[in-house]
Amino acid sequence: MAGRIARWGAALGLGALWWWGVLRLALVPDAGALEGAVAAGGWGLSLLPVHCVPKAGVVRAGARARRRREARGAREPGAS
C-alpha cells in the first residue's frame with residue numbers, strides 16, 4: 001500500500017512540475033531554459049513506452065519478416 005501511495009505521489013508531483021514548465025513557457029515572457037528543459041523532458045518521457053518493445057517481441061517480429069521474405073522469394077519467378 002505504501003508503494004502505491006509513493007508511486008502516485010511521484011507521478012502527481014512530476015506531472016505538476018511538467019505543467020508548471022509548460023504553462024510558464026506559454027504565459028510568462030521571461031521563461032527560460034529551465035522551463036523548456038522540464039517541458040521537453042516530460043514530453044520525451046511520454047513517448048518512451050510507445051517505442052519500448054521486449055526483446056522477445058523483436059525477435060519474433062524479425063522471424064516473421066524473414067519467413068515472409070523467403071516465401072515471397074520462392075513464389076516470384078526469376079528471384080534468386
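User: Is L25 buried, partly exposed or exposed, and what is its relative accessible area?

Analyst: Happy to start there. L25 has a relative accessible area of 39%, so it counts as partly exposed. This is a predicted model, in which local features need pLDDT of at least 70 and side-chain atom pairs count only at pLDDT 80 or more, while totals for chains, interfaces and linings use all residues. Residues are numbered from 1 along each chain as its sequence is written, and side-chain values use heavy atoms, with hydrogens and water left out.

User: Which element holds L25, and how many helices and strands does the protein have?

Analyst: Helices (H or I, at least four residues) and strands (E, at least two) are DSSP runs, numbered from the N terminus. Here there are 3 helices and 0 strands, in the order α-α-α. L25 sits in helix α1. Between L25 and G36 the C-alpha distance is 6.9 Å, with 11 residues separating them in sequence.

User: What percentage of the residues count as buried?

Analyst: Of the protein's 80 residues, 5% are buried.

User: Which residues form the nonpolar patch?

Analyst: A patch is made of residues with over 30% relative accessible area and no salt bridge; like charges are joined within 9 Å, and nonpolar side chains (Val, Leu, Ile, Met, Phe, Trp, Tyr) within 5 Å. A salt bridge is a side-chain nitrogen of Lys or Arg within 4 Å of a carboxyl oxygen of Asp or Glu. In this model L14, L17, W20 and L34 make up the nonpolar patch, with about 420 Å² of accessible area together (Shrake-Rupley method, 1.4 Å probe; for residues, only the protein chains shown count as cover). Helix α1 (residues 2-27) contributes the most, 3 residues. L34 belongs to helix α2 (residues 33-51) and is exposed at 56%.

User: Which residues gather in the patch of positive charge?

Analyst: Lys and Arg count as positive and Asp and Glu as negative, with His and the chain ends not counted; the place of a charge is NZ of Lys, CZ of Arg, CG of Asp or CD of Glu. The patch consists of R60, R64, R66, R67, R68, R69 and R72. One of them, R64, lies in helix α3 (residues 55-75) and is partly exposed at 41%.

User: How many aromatic pairs are there?

Analyst: Rings of Phe, Tyr and Trp (its six-membered ring) pair if their centres lie within 6.5 Å; planes under 30 degrees apart are stacked, over 60 edge-to-face, and the rest tilted. The whole structure has 1 aromatic pair. The ring centres of W18 and W19 are 5.0 Å apart and their planes stand at 80°, so this pair is edge-to-face.

Key:
Buried < 20%, exposed > 50% of the residue type's maximum accessible area, 1.4 Å probe, protein only.
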